Amino acid sequence: MKEIQIFTDGACRRNPGPGGWGVVLRFKGYVRELSGGEVNTTNNRMELTAAIRALESLKEPCSVELFTDSVYVKDGITKWLSKWRTRGWRTSGNKLVKNQDLWISLSELVEEHEISWHWVKGHAGNPGNERADELANQGLDECLAQG
């Protein structure tokens, strides 16, 4: 099984507002970068989208070390997801889970791979996270430029 290292990040100007996502994939010295954006979104949606786009880009089941600076993404997928499903996509406070569509997409992709989720402090000098942040902002800027 291929071992892949992934760094993801999302960005948003005004929340909600225009946003972007960025991904850095590393495999045996090879680096692939992905980015994109949306005109009207939230930071959390962009963080989730980054993880989704990263996993969608894998062409076969892989062993993945996924690094995110989003506690929301890491805890959502590792701690909260199974509880949300059990409660019919409701939080412990009986409110509908936000971003359910993206959580469903991410959970389906996660089943295809062996993933270790890691939280990294954002804007703290981690090269993979810093590059993912640059790509997220690039995706945001390109989205705005397209009008």
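Where is Ser-57 found, and between which two elements does its loop lie?

**View 1. Ser-57 in its loop.** In this predicted model, Ser-57 sits in the loop that links α1 (43-56) with β4 (62-68). Is Ser-57 buried or exposed? Its relative accessibility is 14%, and because buried means under 20%, Ser-57 counts as buried.

**View 2. The surroundings of Ser-57.** Look at the side chain of Ser-57: it reaches the backbone oxygen of Ala-54 at 2.6 Å. Setting aside neighbours within four places in sequence, Ser-57 is in contact with Leu-25, Arg-32 and Leu-34. Take Leu-25 as an example: 32 residues separate it from Ser-57 in sequence, yet the two C-alpha atoms are 9.3 Å apart in space.

**View 3. The largest nonpolar core.** This core has 31 residues, and the members that touch the most others are Ile-6, Val-23, Leu-55, Leu-58, Trp-103, Leu-106 and Trp-117. At least two core residues come from each of β1 (2-12), β2 (17-27), α1, β4, α2 (71-86), α3 (100-110) and β5 (114-119). The biggest contributor is α1, which gives 7 residues.

**View 4. Val-23 and its contacts.** Which residues is Val-23 in contact with, leaving aside its neighbours within four places in sequence? They are Ile-6, Phe-7, Thr-8, Arg-32, Glu-33, Leu-34, Ala-50, Ala-54 and Leu-135.

Terms used:
Residues are numbered from 1 along each chain as its sequence is written. This is a predicted model: local features need pLDDT of at least 70, side-chain atom pairs count only at pLDDT 80 or more; totals for chains, interfaces and linings use all residues. Side-chain values use heavy atoms; hydrogens and water are left out. Helices (H or I, at least four residues) and strands (E, at least two) are DSSP runs, numbered from the N terminus. Buried means under 20% relative accessible area, exposed over 50%, partly exposed in between (1.4 Å probe, protein chains only). Contact means heavy atoms within 4.5 Å. A polar contact is a pair of N or O atoms within 3.5 Å; within protein, one must be able to donate a hydrogen and the other to accept it, and residues adjacent in sequence count only if both atoms are side-chain atoms. A nonpolar core is a set of buried Ala, Val, Leu, Ile, Met, Phe, Trp, Tyr and Cys residues joined through side-chain atoms within 4.5 Å.
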